Structures are given as structure tokens and as C-alpha cells.
Amino acid sequence: MAKHWKWGFVILAAVWAALFGNMLGYAWNVTHQEEPIPEVPMEQIQNTNISEVAQETMDRFWTVAVFGVDSREGKLGKGTRSDMEMVLNINLETGEIRMVSVYRDTYVKIDEKNKYDKINQAYFEGGPAQAIWALSENMDLNIDDYVSFSWKAVADAINLLGGIDVEISPEEFKVINGFITETVESTGVGSHHLKKPGMNHLDGVQAVAYARLRKMDTDFMRTKRQRLVAELVLEKLKQADLGTVRQLAFSILPSVSSSVGMKDILSLAGTVSKFHLTETEGFPFELKDALVGKKDCVIPVTLRDNVIRLHQFLFDEEDYVPSKQVEEISEQIELHTRKR
């Protein structure tokens, strides 16, 4: 796959990552960044549990892990919360994109020491490397690349794209202005309150606030709003001219932690139109809520069955057989849940 094609997708992933996080705030200033943006050697995070047949199928796709990080100081490594985790899968022949949002409270195995916890705890303890490992081990994936990103640049990016049009329900309108105020304060990007529900043209801050709404309904409805924003951002990006795409690149990518090298960014021109988002889902597909210890968790029912369905969705594998590792993790999750 050409590097410039990858960068087009990485820009989309970076925008989505920031939009899809349930972050409390973002006070990022690239010029005062205190630590280097972390890099992850992807070749060292290979999943050896996957069969050769399954790997041959996956090789026809490009699989990217995207993390939306809750960071007020601009840190993208360990010690920060990944309030959003998703897997973006692109068919290398057709440009078709399928997207899976992984619910952040999903109870899985998070490290090689056999520790079980919410999936976003893996990022907190070991940064993107451990988070990629956790996604791979629990979902029978081999992640090709990753992007970690946070809030401010995405508000700037949507402003550069000219904003998006969204229908705001009366229930959403009751709370969105509070989120707009909070996002302005945490990013330093200017905006204003909405005046009424119904169809609204949202600027960058307002779009971020919309994607963060969570007080008036469920986390699953919030995910639905996030997917809508993803589709709208993709369409605007596909329509953008070369100058706008380059502005986006220079605005977003310096504040991104990614496994794709910066040197290839200027070869992006003319490729964004090839991408088309066709389907989105949440993982686990089948789930239940349970209290594990003192934590409210999302429990896959079962992990094994959800992984089978995941591979049907991402790779069109109708008869996928989960690895022995996934079978064992699935059994442990059931055991831990029964004990509670």
C-alpha cells in the first residue's frame, strides 16, 4: 500500500480519535510539549496466536488502532486514559472502510501478566504499545499501525473543513451548550452557544461537544453520535482541496503519536476521495453489564462468540475459528463474572 494512501487514512483516524473520546478536557500546546511524542515499534507487537490461514486473510486489509486520549497536558503515552478505542479496517483493493468502536469499559485481559480489567486501563498502564497488545490478544487481530490523538487540533481541523451540519434533538440541545463552554475553556478555541434545536451548522468546538454528549442518555447513544460525526467529517475531507488537506496535515500531525512516518505526509494529494466508510459497529456486539470488584464493566457474551462475529464483520470470514488464546480469555471472563 502506498505511503501517501496511508497518510490520508491516518488524517481521518486522527480526527476521529479526538472526536470519539469521552474526554474531560484538553489543554494542548505543541510548542510547549514537555515530552516527545511516543513511537511504538509495531514489528514487536505481533500476535503469534493467529493461524496462518487467518493471517493470509488479514493481509488483504490495513488495520489501524485509534486511541482518543484524555490528556490535559498533551501527553500521549502511559499514565493517560484512552477514553476512546477503535479499530479501522480498510480493504486495500476497494478503499472500503469498516469501523469498530471498542467500548472503553469492556472487561478483558490487559497485559501479559494475566491481569484482567477494563480495556482502557491497558493504555493507562503501558501506553499505546500495551493497548495495541490488548486489542490484538483479545480480538485475534494483528494491528498494522496506530494513531493516538486528543482534542484541540480536531476542533481546529473541523474549522478548517468548514464545519458540519447536524440535527440536534431537544434533549441534546438542553446539555450541549454546557459542553461547548467546557470545550472552549479546555482548548482555547473560540465558539458560541447554539440558539435552538433542529438542524445546526456546527463549528469545530461545537462538533467536538456534540460527540462528547453523555448526560442525557447512554454511552451507546453517544457512540451513535460519534459515528455520525465520523461520516460527516469523512465526506468533508473527501471534498477538501489540496491546500486544505495540507493545512490539516500540518495542524494535526505534529500533535499525533503514530507509527506512520511524518516524512510521507506531503505525498497525500489526490487520495482521500478513494476512502468510503461503509459500515460501523460497536464491540462487543453482544454484551451485558456487570459489577466486577467495584467497577461497572461491559462483559462480552461471550468473548469467543464476539470475536467470531468481529472477523465476519471486518474480514468477511464466515467460518472463523478463534485462537486458543481467545478461547482461554473467554473462559476466564466468564469465570470472573460468575464469581461476582
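Me: Which backbone oxygen lies 3.1 Å from a polar atom of the Asn200 side chain?

Reply: The model is predicted: local features need pLDDT of at least 70, side-chain atom pairs count only at pLDDT 80 or more, and totals for chains, interfaces and linings use all residues. Numbering runs from 1 along each chain as its sequence is written, and side-chain values use heavy atoms, with hydrogens and water left out. A polar contact is an N or O pair within 3.5 Å; within protein, one atom must be able to donate a hydrogen and the other to accept it, and residues adjacent in sequence count only if both are side-chain atoms. For Asn200 at 3.1 Å, the backbone oxygen belongs to Lys196.

Me: How far is the backbone oxygen of Gly198 from a polar atom of the Asn200 side chain?

Reply: Asn200 sits in strand S8, residues 198-202. Strands are DSSP runs of E, at least two residues; helices are runs of H or I, at least four; both are numbered from the N terminus. From the Gly198 backbone oxygen to a polar atom of the Asn200 side chain is 2.9 Å.

Me: Is Asn200 buried or exposed?

Reply: Buried means under 20% relative accessible area, exposed over 50%, partly exposed in between (1.4 Å probe, protein chains only). Asn200 has 9% relative accessibility, so it counts as buried.

Me: Which residues does Asn200 contact, leaving aside neighbours within four places in sequence?

Reply: Contact means heavy atoms within 4.5 Å. With those neighbours set aside, the partners of Asn200 are Ile164, Asp165, Val166, Ile168 and Leu194.

Me: Why is helix H6 largely enclosed by the rest of the structure?

Reply: H6 spans residues 204-212. Its buried residues include Gln206, Tyr210 and Arg212. H6 is largely enclosed because the number of its 9 residues that are buried is 9.

Me: Which side chain reaches the backbone nitrogen of Val205 at the start of H6?

Reply: The contact uses a side-chain oxygen. It comes to within 3.2 Å of the Val205 nitrogen. The residue is Asp203.

Me: What is the orientation of H5 relative to H6?

Reply: The axes of H5 (residues 170-187) and H6 are 8 Å apart, at about 120°. Axes are lines fitted to C-alpha atoms, for helices over the stretch in contact, with angles from 0 to 180 degrees between N-to-C directions. Under 35 degrees is roughly parallel, over 145 roughly antiparallel, 65 to 115 roughly perpendicular, and the rest oblique. That angle therefore makes H5, relative to H6, oblique.
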